[in-house]
Structures are given as C-alpha cells and as structure tokens.
Amino acid sequence: MPLKPEDLRSHRWFGREAMRTYNHRSRMAQLGYERSDYAGKPVIAILNTWSDINPCHSHFKQRVEEIKRGVIRAGGFPLELPAMSIAEPFVKPSPLLYRNLLAMEAEELLRCHPIDGAVLMGGCDKTTPGLIMGATSMGLPFAFMPAGPMLRGSFEGQTLGSGSDMFKHWAEVRAGTLSTEQWEGVLSGIARSPGHCMTMGTASTMTSAAEALGLTLPGAASIPAPDSRHALMAVATGRRIVEMVWDDLRPARILGAEAFDNAVTTVLALGGSTNALVHLIAMARRAGVMLDLDRFDMLARRTPLIANLRPAGKYLMEDFFYAGGLPALLQRLRGLLHTGAPTINGRTLGDNIAEARVFDDDVILPLDRPLVAEGSLAVLRGNLAPNGAVIKPAAAEPRFMRHRGRAVVFKDYADLQARIDAPDLEVDADSVLVLQNAGPLGGPGMPEWGQLPIPKKLLAQGVRDMLRISDCRMSGTSFGACVLHVAPEAFVGGPLALVHSGDWIEIDVAARRLHLDVGDEELARRREYWRPPEPRYVRGFGALYAQQVTQADEGCDFTLLARAGEVPEPDIY
C-alpha cells in the first residue's frame, strides 16, 4: 500500500506537535520555506559530489537544479546535501582510501536529517560505489544519477581515450618516439568536456553496474555528460524518487543476489575494470549478498565480451551511446541475465530492455562474434595468491596467458620509481615485475600502480607488455598483462612479501593458476625473517582505516560496516 503523509520519516521532524517540531519549522522558515513547501511531502536529499577540483562532476551545479525541478514537479521537497567529492586524478595516496569515508558520510547524512529518499549524484570512480554502499546501509529509497562520460578526445586526427591513450603515449615519450610538443598536444586534447572517462574504465564500469543492478533509470549510464538528454534524465530521476518514496521502494527490494549476478555479467560483457571486483563485493555485502571472487570467475567463464570499447577494444562511450547504449547491450545479453529482477522504475530489467536495439554491430558485437568468447576477467589462485588475484586477459598480450619468468622485485613504489629505468637493472622481456607493499594497508588504499612501467631499456627494444604482479589495483583504463589484488597483501605478510628477485614465477590463466616456484621449506625460512612494516598512519581517518579495512578479496570495506543491518533511528525529542 502507498505511504500516507503521516507515514513519512520526515513527519517525525515536521508534522508532530512538540517543542522540537516547532523549532524545526521555525528554522525552515529561517531558510525561507513556508510550511506548505515541505509539510506532508517526501523530503528528498540530493547528495551532490560536486567540487571545484573534480572535473568529472563539473556539470553537477546545473544537474542538481534539474533534479530539484523533477522533485518539485512530482510534489516532493528537495534538499541538496554536499558529500565528499573523491576526484580520481587528484586524491592521494589513493582515492580508494576514502571510498569508505564517503560511504559513511552518505549513510549518516541520510540518517541524521529529516530525509525520506535520496538521489545520489556520482560517477567519478569511487563516488559510485561509495554513495551506493552508504545509501544501501541506510536503507531509504534512493536513485542513482550517473555523471555520464565525457566526449571523445582528439589529437592530430586520432581519436583519444582518457587514461588508455595517456598511458600508451607516455610509454612512447619514455621510449623517445614522441616529442614533448606532441605529448602536450595529447594532454590538451584527451579530456575536453565535463564527465568521467569515456573509455570502459572504472567510472563507466561502475555506473553501468549501477544501472544493471536496477538503481538508475534505464539508459542513464550511457548518456554523455554534455548531451541534453543527460539533463532530461536528471529531471526524470528527480520525479521518480518521489514516486519511490510513496511506494516505499527501498534498496532491500532491489538488491538481491540476482541483481548482483546481473551487474557482474554486465561488467564482464563490457570488458569492465578489474576494480569492479573490489567495489561490487563491498556493495553486495552491504545488501546482505555474499558475492565473492569465485562467483566472478564462474560468471566470467560463460560471459562473452561484446562491447568493443577501449582499453580492450576500439571505440569509446560516446560511440556506445549512439550504438544503443547499455540497454541495447543488456538486450543482446538477455539469455544470461535474470530479467525478472526489479528496478527503481517499478518495472523488471527485462521490461526495461524489451524495446532496446543495437544500431552498430561493430560497437556492440553480436554474441556469435564476441571480442573475447569468455573470461574477460580471470581469478587466479596458488601459493602466491591463496586468497585470489585478478587479471584482465582481454587487455594483455596473449603470450602471457601461460608464462614462466624470473622475478624482478620492488619492495615498494618508491623503490620502483628509483630503479625501474636504471641501466643496470637485471631484467629482460621475459622477466616478471613484482611490486610489494602496495595493497589496502601497504599503499595505503591499493593505489592504481598495478600497470608497472616497462623499463626504459626494454621500451627502446620495442617491448610494450610484460607480466606484472602486485597487491595494488590499476586504472580501469589501463592495459597489459597485470596480475592485481594479490591477497593477502605483502604488508600483512602474504606470500607476495616473500618473493625475491630471481625467483621463478609461473602463470597459467586457463588453469587459473599463479605459482611461486620456491619450496615450502624455503618459504618458511623466509617467513621467519619477515618483519611487519611500520603503520602508515598513527592518527586520523588513516588510523581508523588501518584498524578496520578488509583485504581485496573481501571488498576493502570496514569490518564494522561490511554487513547488512539496521542502526537505530535518531530520537526526535
């Protein structure tokens, strides 16, 4: 049954006859609102992650007004609440360090204020999972409004993709094949509008996952940020959240195991970012769904990669939108999805994609002509990664799918920077580059260092890919034979900490195997000499993070938050 005005959560603040209620109404008058503006209406929080230093969200000042317009048209009362803006290019030492802080902020903003429902405004990599994690834990009706991808980049007649082409051209700068002037031209043309990365990096991966989960209106994740249809989607999202409040459509009714299977399948078919494993596991556990690495790997073995998007493919998100966008891809994947899963518009996923069509078969490939038939992500295990590691085979040279090479070990990122280009570095094209102490605690925050640079002397020889292993992450826009998220990490004494330069390492992606060819007795001897590093932080949020964060295979959430469960509502005296 639809809610009545007296059933609204905000009624406890505004509708009762009590001294505090009168004070609340007085303070609303102080803000310039009459009682008729909000009384008996759903109060909608718009969590806006705009900031002066977040280029992905630079258009949010306008979009928030459009969301407000939709809320008001539907008979709701909008309140903009600023939330932490985790700007991927600028936040150090790692934006992942602060994802959980945003999740905590989102949850508490919704809990402590007179809020009935929320629109979450995000898109830049960590804002999508952070906002959804917090809002899921709070449990109020919410809709996610993606930032949208930026327009294509351009340089000297070439189409540029953010992230991917920066990494590619930087390698050429280091190799001496690209001039400083050309490099500056790449930088000036690679990001030329509001919006997040227009490759299938972490941003587009996670906004697409949000849509596949049923948390956005259909088609929202694919619209380029500057497109006028993006503004219309913001208005529609504002209207819909008011209806969701009256219908009491909470995340618990949407975020079940089938929804997360849909999200994982979508990520795999898109050739999405390896970061999705960390984020979706954390998001699922907030909803009480025990998603794990084995589920990712099982779904990967049956899911074709059909989005011909960089870094695995050819095109960019703008092309994807014109080809039909995410609804068209989901329609093509229909047989692999739980089409009966509910979504925020009150219809099933199958209903939402029923009329979707593909307009370019070279961008969204037919199922019988995939970019990769299966296994666009693979979970590896072995004595080097007993709790798992991940690789993105579609973005690597095929010869590294089964490989054996000697380790070249860097004890941390500073050591890597100091020695990677040293002329006397003992390395060849078959070597395995290993970075230690860059994981959830060691980084801290698993920085995106996993695409270790190719040594300059090998670049000069024409080498453009090598097997690289670390306990950190890499950008979803990155590429190469990079084994990531090794768990447990080196910083806590995982086997990665025991690797020495010269050790033989073997990988067999088909067998899902990652093996350090060192005997158990020798490993035990090395462990006796291993000593834990000093903590990275001794105060502030960093110290709290160090006490609470889980390992990569568990989503890097906080132990006190990484589960479903209710927190008591605040008392209204």
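Three cavities of 30 Å³ or more turn up in this structure. Here a cavity is a set of points on a 1 Å grid over the protein atoms alone, where a 1.4 Å probe fits but cannot get out. Please keep in mind that this is a predicted model, in which local features need pLDDT of at least 70, side-chain atom pairs count only at pLDDT 80 or more, and totals for chains, interfaces and linings use all residues. Residues are numbered from 1 along each chain as its sequence is written, and side-chain values use heavy atoms, with hydrogens and water left out.

**The largest cavity**

- Its volume, the space filled by probe spheres set on the points, is about 60 Å³.
- The lining (residues with an atom within 4 Å of a point) consists of Glu211, Thr216, Pro218, Gly219, Pro327, Leu330, Thr343, Leu349, Asn352 and Ile353.
- H16 provides the largest share, three residues.
- By class, five lining residues are nonpolar, four polar and one charged, where Ala, Val, Leu, Ile, Met, Phe, Trp, Tyr, Cys and Pro count as nonpolar, Asp, Glu, Lys and Arg as charged, and the others, Gly among them, as polar.

**The second largest cavity**

- This one holds about 50 Å³ of space.
- Around it you will find Leu277, Val278, Leu293, Asn387, Gly388, Ala389, Val390, His485, Ala487, Ala552 and Asp553.
- Helix H12 (275–286) and strand S8 (385–391) are the elements giving two or more residues to this lining, and S8 gives the most, with four.
- Seven of the lining residues are nonpolar, three polar and one charged.

Conventions. On a 1 Å grid over the protein atoms alone, a cavity is a set of points where a 1.4 Å probe fits but cannot get out, and a pocket is an open set with protein on both sides within 12 Å along at least five of seven lines; lining residues have an atom within 4 Å of a point.
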